[in-house]
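Open the model in your viewer and keep the sequence panel beside it. The tour goes from one selection to the next and says what is there.

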Amino acid sequence: SKSDNPMRELQVGKLVLNISVGESGDPLTKAAKVLEQLSGQEPVLSKARLTIRQFGVRRNEKIACHVTVRGEKAKELLQRGLRVKEFELKKENFSATGNFGFGIDEHIDLGIKYDPSTGIYGMDFYVVMERPGFRVARRRRANSRIGTSHRITPQETMEWFKKTYTGFLV
């Protein structure tokens, strides 16, 4: 049947951690340090797309940092993030393409020791799901689309989430 096909198994493609600070300078550097501690990778800084006077943000000013984690590391960080959420996600957290994301308010909940000089940062977790065979869409040569039957639906991801993490949907 469809369910025993090893190519249909869902897996975590990547996990993106994002801290939107909303200003450049020292706070952003500290946020980047937090992400580096978590992932062991150097975070990328993101720039503002537009100037927004009310927020005091200028276009092209660096206002956020994010880091993309894959493989075992991604699973481990996702586990820690979900533990903060007590393995409860809302139905709205799942996108039409079968990916999901959630946010946490304090990074120290992830088991990092609180350091007064750094402060506290909240962050977004975004998880991109994939199946074996998704490479056909990304490779350089003979690249093609992923067939409709092989795409991931939000329902499938929710089932996967319940099964893998014995999580709840609120």
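Predicted model: local features only at pLDDT ≥ 70, side-chain atom pairs only at ≥ 80, totals over all residues.

Where is the place of F87? Select F87: its place is in the loop between α2 and β4.

Residues are numbered from 1 along each chain as its sequence is written, and side-chain values use heavy atoms, with hydrogens and water left out.

**The whole chain**

Show the chain as a cartoon. It has four helices and seven strands, in the order β-α-β-β-α-β-β-β-α-α-β along the sequence. The C-alpha trace spans about 55 × 40 × 30 Å along its principal axes. Of the 170 residues, 39% are buried. Buried means under 20% relative accessible area, exposed means over 50%, and partly exposed lies in between (1.4 Å probe, protein chains only).

Contact means heavy atoms within 4.5 Å. Among contacts with a separation of 6 or more, 62% are between residues 24 or more positions apart.

F87 has a positive phi near 55° and is a residue other than glycine. With a relative accessible area of 17%, F87 is buried.

Next select α2, residues 71-84. This helix has 14 residues and reaches 21 Å from its first C-alpha to its last, close to the 20 Å expected at 1.5 Å a residue. The expected span is 1.5 Å times one less than the number of residues. Colour A74, L77, L78, G81 and L82, the buried residues of α2. Looking down the axis of α2, you find them within an arc of 135°, so they line one face of the helix. The arc is that of the directions from the helix axis to the C-beta atoms. An α-helix has 3.6 residues a turn, so residues three or four places apart point the same way. After α2 comes E86, with a positive phi near 55°.

**Helix α4**

Select residues 154-165, which form α4. Its twelve residues should span 16 Å at 1.5 Å a residue, and its end C-alpha atoms are 16 Å apart, which agrees. Which residues of α4 are buried? They are P154, T157, M158, W160, F161 and Y165. These cover an arc of only 160° around the axis, which puts them on the same side of α4. Turn to the face away from the buried side to find the exposed residues Q155 and K163.

Now show what covers the buried residues of α4: the cover includes α2, β1 (11-20), β5 (100-104) and β6 (123-130). α4 is followed by T166, whose phi is positive, near 40°.

**Two loop residues**

Select N60, in the loop between β2 (44-47) and β3 (62-69). N60 is not a glycine, yet its phi is positive, about 65°. Its relative accessibility is 45%, so N60 counts as partly exposed.

Last, select G133, in the loop between β6 and α3 (135-138). G133 is partly exposed, with a relative accessible area of 35%. Draw a C-alpha to C-alpha distance from G133 to F100: they are 20 Å apart in space and 33 residues apart in sequence.
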